[in-house]
Amino acid sequence: MIVSKLSKGKFRKLTYISILSIVIGMFLLLLSIQLYLDWKKINSGNEGYAIVNKPVNILNTLGFDSGFNEREIKELESQSFINKVGVFSSNDFRVSLGSNRLGFRTEAFFESVPDDFVDVEYYRWSKYEDGDEIPIILSADYLALYNFGFAPSQGLPQFTAGTIGMVKLDVDIFGNNRVPGKYKAKIIGFSKRLNSIIVPKSFLDYANAKHGSNASENVSRLILEIENPNAADFIEYISDKGYELNVNTAFGKETSILIKRAILLITIIGLLVLILSVLVLYLSYRLIIEENVEKIKTLYTLGYHPKSMAAAFSKQAISIIVISVVSATIILQVFHYYIAKQINGIGFEINGWLHPITFIISIVILIGLIFLGKFFVNKTMKNKYV
Amino acid sequence: MIILKSIKPDPIYSKPTIPNSMIWNKELIFEKGKKYWVRAPSGGGKSTLLHIIFGLRKDYQGELEIEGKNISELDSDEISEIRKNKISIVFQNLRLLGELTAWENLELARSLTGKIQEGNVRSMASSLGLEDLLNQKTETMSYGQQQRLAIVRALSKPFDFLLLDEPFSHLDNENIRRACKLINEKLMSNNAGLILVSHESTYDFEIDGEYIL
């Protein structure tokens with residue numbers, strides 16, 4: 001009651017300005033944190049991995065193999081900057097993929113890598129047994145190609161990363177002079193690390209043995225687990241060997257730097273706005289308390305405790321802070337939900353909910369601002385009642 | 001009981017802010033349930049005495065005890081507690097909140113403890129002819145009306161001592177009579193003491209003790 005009786009007129013305007021500026025500052029700050037976390041998630045999975053192959057030359061065109069031999073693979077494994085080497089296996093048969101329900105069919109290929117190189121949840125990546133549905137992982141780029149290239153040209157529906165998993169695919173295998181086969185398959189995820197159509201190695205081994213020509217395997221590509229794909233010694237080694245390097249990232253190096261800088265800029269602006277808004281809040285309270293010194297003294301003479309008067313002011317300041325921070329978080333959640341929907345439509349997979357770290361930071365800032373608000377009010381109230 | 005022992009100006013203050021005419025170095029005792037009249041000519045230190053008792057001034061030496069507690073040793077919260085429950089005052093300059101209505105001023109005092117019922121406060125206001133002014137902003141009221149309001153405000157919370165600093169200076173005889181009647185009733189029901197500061201008269205109070213400054 002006391003504070004509401006004292007805080008009239010221009011103080012109310014200052015209160016609204018404080019709320020608005022804290023909302024804007026908090027929104028920008030939390031947005032930058034969430035953007036950074038989203039960007040990291042989109043970019044994750046391919047950090048520390050690189051794919052190498054030998055350059056294609058005229059001999060390959062004439063039918064000669066250009067794959068890696070065992071000695072070359074062992075040499076790669078022995079390098080200190082390479083943790084692990086995985087071999088890409090490919091199908092030794094012709095294969096077509098399609099859906100009768102959707103009315104499309106396309107020639108395709110399968111590749112596989114050792115299971116520990118796969119960047120989708122492991123529980124969705126089961127060992128293949130005869131009669132199972134084949135789990136397929138597509139490159140994340142393929143979804144964008146399908147949605148914005150293939151689907152519109154063929155009159156097919158577009159899919160999100162989530163909905164495409166509901167489509168059952170028919171796989172027809174035409175053996176190389178051996179038995180054909182029919183299988184069911186399902187796309188279980190999109191990889192940012194593996195730029196291919198990946199099936200479990202257990203299935204490919206099984207299918208190559210059943211439908212293939214039993215020709216010796218040509219290892220055309222290798223996936224490397226490395227500490228740092230941009231390390232100078234690694235790049236130099238690959239270059240010396242004449243291999244081609246494909247470090248598959250969701251964003252290019254320059255784009256990544258740009259995104260990082262943009263996020264940093266938003267963080268700085270958000271912090272500045274937040275600091276200014278807290279300053280406005282502090283000045284508002286200083287103003288109201290300074291303007292009401294005589295009234296506060298009168299209340300003190302009536303028997304009001306200085307601490308209870310400070311507490312009344314603090315309570316109002318805390319209400320303003322809580323309303324502002326909660327509003328900013330809710331607005332960001334709604335904003336992020338729609339942004340996530342858009343981003344998921346182009347093949348990336350980010351959660352519509354804010355990252356727990358964003359929530360935690362929001363709570364930490366809220367607690368910090370509450371303490372700051374109380375400190376400001378107590379500091380200003382000190383000795384005003386004497 | 002309120003006891004002032006050897007009160008005199010503090011030499012660390014450069015200006016003699018306490019009037020020289022005060023009766024320094026004497027012992028003043030005010031007992032609960034009794035009425036005292038402190039009189040002095042204008043500028044004689046009457047208000048200063050009340051302000052010292054109420055804890056508003058600290059520029060003195062000597063001891064002030066309220067119910068056995070040395071007031072200089074109390075912190076601001078303990079002083080607030082005394083003002084909230086033990087001592088009520090009508091200031092000479094009233095100290096009402098002009099932007100608030102008459103009722104809001106009364107409610108500020110009443111709601112401090114909630115021990116006095118709202119109906120009682122309204123009834124006290126009516127007995128001093130303020131019933132139609134309760135929703136009026138205090139700053140628009142005449143000084144006499146404000147003086148009556150300040151009296152009702154002082155009675156709207158519990159007290160063991162009531163300090164009155166020239167409380168009726170702007171009241172006509174009829175209003176003084178009504179105010180004295182109301183104050184006497186409250187003093188009796190609270191078994192409270194009265195310290196009346198006035199250079200004119202004791203009005204309708206039956207005085208038990210008198211100090212001349």
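I began with a term: buried means under 20% relative accessible area, exposed over 50%, and partly exposed in between (1.4 Å probe, protein chains only). I also noted that helices (H or I, at least four residues) and strands (E, at least two) are DSSP runs, numbered from the N terminus. This is a predicted model, where local features need pLDDT of at least 70 and side-chain atom pairs count only at pLDDT 80 or more, while totals for chains, interfaces and linings use all residues. Residues are numbered from 1 along each chain as its sequence is written, and side-chain values use heavy atoms, with hydrogens and water left out.

**Entry one: helix 4 of chain A**

I looked at residues 70-78 and found A:Glu72, A:Ile73 and A:Leu76 buried. Seen down the axis, these buried residues fall within an arc of 100° (taken from the directions from the helix axis to the C-beta atoms), so they line one face of helix 4. On the other side, A:Glu70, A:Arg71, A:Lys74 and A:Ser78 are exposed. I then checked the cover over the buried residues, which includes strand 2 (82-87), strand 11 (221-226) and helix 7 (232-241) of chain A.

I found B:Lys186 in helix 6 of chain B. Which residues does B:Lys186 contact, leaving aside its neighbours within four places in sequence? They are B:Met124, B:Leu155 and B:Phe159, with contact meaning heavy atoms within 4.5 Å. B:Phe159 is 27 residues from B:Lys186 in sequence, and their C-alpha atoms are 9.5 Å apart in space.

Methods:
Chains lettered and ligands numbered in written order.
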